[in-house]
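Please look over the sequence and the model below before reading on. The report is meant to be read beside them.

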Amino acid sequence: MLKFYQFYADNISREKIKGDVKMLLSIGKVSKITGKPIGSIRYLEENGMLVPFKKSNGGTRYYSLEQIEGYFGKEYLDMSKLNKGADN
């Protein structure tokens, strides 16, 4: 897991919460690694199936890596897509 943190450190926001560091992904990055359109991820939020870990003051949705792995399944995530192109 340490290699994961080092490799993706520039692509993932990190937030310390109660002594625990959470890796947070924007909705655009979640879309990239899951292959799901942003609209589909918003649909999941609107229907209470995947609630963002936090929202920025500007309204950007952030999800913890644990949330995404739990909902979509770790084996279905393509983490290599985080380094390709700009965020949506």
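## Nonpolar core

This is a predicted model, and its largest nonpolar core has 16 residues. Those with the most contacts inside this core are Leu25, Val30, Ile33, Leu50, Tyr63, Ile68 and Phe72. Strand β2 (20-26) and the helices α2 (27-34), α3 (38-46) and α4 (65-72) each supply at least two residues of the core. As a general background, nonpolar side chains tend to be buried together in soluble globular proteins.

Ile68 illustrates how the chain comes together here: leaving aside its neighbours within four places in sequence, Ile68 is in contact with Leu25, Val30, Ile33, Thr34, Leu50, Tyr63, Gly73 and Leu77.

## Helix α4

The buried residues of α4 are Leu65, Ile68 and Phe72. Because these residues cover an arc of only 65° around the axis, they lie on the same side of α4. Just after this helix, Gly73 takes a positive phi of about 90°, and Gly73 is also one of the residues in contact with Ile68.

Tyr71 likewise has its place in helix α4, but Tyr71 is partly exposed, with a relative accessible area of 37%. Together with Tyr43 and Met49, Tyr71 forms a nonpolar patch on the surface, and the accessible area of the three residues together is about 310 Å².

## Salt bridges

The structure holds two salt bridges, and Glu45, Lys55 and Arg61 are linked in a network of such bridges. In general terms, side chains of opposite charge can pair when their charged atoms come close.

In the pair formed by Glu45 and Lys55, the closest N and O atoms are 3.2 Å apart. Since Glu45 lies in helix α3 and Lys55 in strand β3 (residues 54-55), this pair ties together parts that are 10 residues apart in sequence. In the pair formed by Arg61 and Glu45, the closest N and O atoms are 2.3 Å apart. This second pair links distant parts of the chain, with Arg61 in strand β4 (residues 61-64) and Glu45 in helix α3, 16 residues apart.

Lys55, at 46% relative accessibility, counts as partly exposed.

Definitions and conventions. Residues are numbered from 1 along each chain as its sequence is written. This is a predicted model: local features need pLDDT of at least 70, side-chain atom pairs count only at pLDDT 80 or more; totals for chains, interfaces and linings use all residues. Side-chain values use heavy atoms; hydrogens and water are left out. A nonpolar core is a set of buried Ala, Val, Leu, Ile, Met, Phe, Trp, Tyr and Cys residues joined through side-chain atoms within 4.5 Å. Buried means under 20% relative accessible area, exposed over 50%, partly exposed in between (1.4 Å probe, protein chains only). Helices (H or I, at least four residues) and strands (E, at least two) are DSSP runs, numbered from the N terminus. Contact means heavy atoms within 4.5 Å. The arc is that of the directions from the helix axis to the C-beta atoms. Patches are made of residues with over 30% relative accessible area and no salt bridge: like charges are joined within 9 Å, nonpolar side chains (Val, Leu, Ile, Met, Phe, Trp, Tyr) within 5 Å. Accessible areas come from the Shrake-Rupley method with a 1.4 Å probe; for residues, only the protein chains shown count as cover. A salt bridge is a side-chain nitrogen of Lys or Arg within 4 Å of a carboxyl oxygen of Asp or Glu.
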